Amino acid sequence: MVVEPVETTVNRFCGHFDKLNDRMQNMHELGLVFHIIKRLENLAQEQNLKEIQSVTLELGEVSGVVPEFLQDGWKWAIKKSQVLDGAALKIESLPATTICNSCGKTYPTVEFGKICPHCKSEDTVLQAGNEMNIKEIEAC
């Protein structure tokens, strides 16, 4: 019987855990892709569209959505949609901004976090950057 050091076992386990986390994250984005596709298919039906060539999404910088995973899910899922098969997904990043309730100034969220760089207050609120919007659709 071979006994491995604890570090080796833990490292091997952590590697599997990282792969599981990647799959779980992909599953989150895939769910979003299915939701977007359903909305687009409904729109296509309402507007009598035969084909959607491209979709532009606005994706907030702190939305928690990984653009690469969204693209991967999109490429797989559109093959199952008659109206979206072959459609391009364009993603535009929206910067995250926070407003300070103490001094009233706004600042870039990612750079400074929750503490206002102007007055050092923690009384701040995310103003933009966690959204995901369908901005534009090219269709016929």
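Is Glu92 buried, partly exposed or exposed? Glu92 is partly exposed, because its relative accessible area is 33%. The classes are buried under 20% relative accessible area, exposed over 50%, and partly exposed in between, with a 1.4 Å probe and protein chains only.

Some ground rules. This is a predicted model, where local features need pLDDT of at least 70, side-chain atom pairs count only at pLDDT 80 or more, and totals for chains, interfaces and linings use all residues. Residues are numbered from 1 along each chain as its sequence is written, and side-chain values use heavy atoms, with hydrogens and water left out.

Now the overall layout. The protein chain has three helices and six strands. Those are DSSP runs numbered from the N terminus: helices are H or I with at least four residues, strands are E with at least two. Along the sequence the order reads α-β-α-β-β-β-α-β-β. Of the 140 residues, 26% count as buried. The accessible surface comes to about 9300 Å², and carbon and sulfur atoms hold 54% of that. That area is a Shrake-Rupley value with a 1.4 Å probe; for residues, only the protein chains shown count as cover.

Next, contacts, meaning heavy atoms within 4.5 Å. Take the contacts between residues at least 6 apart in sequence: 69% of them join residues at least 24 apart.

On to charge pairs. Side chains of opposite charge can pair when their charged atoms come close. A salt bridge here is a side-chain nitrogen of Lys or Arg within 4 Å of a carboxyl oxygen of Asp or Glu. The count is two.

Start with Glu138 and Lys90. Their closest N and O atoms are 3.1 Å apart. Glu138 sits in strand 6 (residues 132–139) and Lys90 in strand 2 (residues 88–94), so this bridge ties together parts 48 residues apart in sequence. Glu138 is partly exposed at 36%. Lys90 is partly exposed at 37%.

Then back to Glu92. Its side chain meets that of Lys135 in a salt bridge, 2.9 Å from N to O. Glu92 is in strand 2 and Lys135 in strand 6, 43 residues apart, and the pair links distant parts of the chain. Lys135 is partly exposed, at 47% relative accessibility.

Last stop, Ile99. What strand holds Ile99? Strand 3, residues 97–100. Ile99 counts as partly exposed because its relative accessibility is 26%. Beyond neighbours within four places in sequence, its contacts include Gly104, Lys105, Asp123 and Val125. Thr109 is 10 residues from Ile99 in sequence and 8.9 Å away, C-alpha to C-alpha.
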